[in-house]
Amino acid sequence: MLLKYSSLTKNQAVEKLLQEKKGNILHIDYIIRALYGELSPDETKTEKPRMYDTLKKGVAKGQWDSVPDSPGCYTINLKLVEPEPDKNEAKSSKHEEGRRISKSPDEMLDRYRNLSLIDAVEQVVQESAGQILTTEKVAQTLYGGKLEGYALTKAKERIGKTLWYGARQGFWQRVPQQLGCYQKI
């Protein structure tokens with residue numbers, strides 16, 4: 001770690017960085033660079049899973065928050081982050097219910113409600129080890145079949161991006177020759 005953080009544990013260093021950047025959302029790549037400086041691609045690849053582990057443990061302990069719908073993003077306290085105004089707010093309310101459901105983690109089943117989207121998806125993947133998962137199956141599991149129409153389409157879009165991201169990070173893998181299908185490694 002950089003000299004500024006060298007006397008601290010990784011957990012303490014992350015907490016100090018997030019406190020210093022209070023009110024901001026920090027991506028894991030930024031956190032790694034801030035704590036270690038510029039690393040080679042191989043060093044970054046090695047450090048990233050370790051940092052994810054540290055960040056997930058900190059979220060579980062309530063030391064900081066993961067940012068919903070923003071994989072790999074963290075902040076010291078979500079309440080301190082200004083929400084971005086909804087650019088679609090002026091549009092007709094035709095799809096209002098779908099937007100509300102697709103954006104709100106509060107609509108997920110109770111067991112997933114307090115998790116970030118990537119953590120909720122990861123839990124579904126872990127629970128379904130050995131099974132092939134699609135975005136629709138994950139959406140139905142997270143939302144208990146409460147979604148349909150536009151809301152289901154938007155949820156599947158977000159979950160699809162999360163599944164793709166998780167596969168790139170090595171959390172699970174894509175099923176070869178099957179578009180949009182994933183499974184636990």
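Mentor: Start with helix 7, which lies across strand 5 and strand 6. Its direction runs at about 50° to strand 6. Axes are lines fitted to C-alpha atoms, for helices over the stretch in contact (heavy atoms within 4.5 Å). Angles run from 0 to 180 degrees between N-to-C directions. Helices (H or I, at least four residues) and strands (E, at least two) are DSSP runs, numbered from the N terminus.
Trainee: Where do these numbers come from?
Mentor: This is a predicted model: local features need pLDDT of at least 70, side-chain atom pairs count only at pLDDT 80 or more, and totals for chains, interfaces and linings use all residues. Residues are numbered from 1 along each chain as its sequence is written, and side-chain values use heavy atoms, with hydrogens and water left out.
Trainee: What order do the strands of the open sheet have?
Mentor: The order is 4-6-5, with antiparallel pairing. Two strands pair if DSSP finds at least two bridges between them.
Trainee: And which strands stand at the edges?
Mentor: Strand 4 and strand 5. Each has a single partner strand, so one side of each lacks a neighbour in the sheet.
Trainee: How many bridges join strand 4 and strand 6?
Mentor: The pair has 2 bridges. Leu133 stands opposite Tyr182 in strand 6.
Trainee: Is Gln177 buried or exposed?
Mentor: Gln177 is exposed, at 82%. Its phi is positive, about 70°, although Gln177 is not a glycine.

Notes:
Buried means under 20% relative accessible area, exposed over 50%, partly exposed in between (1.4 Å probe, protein chains only).
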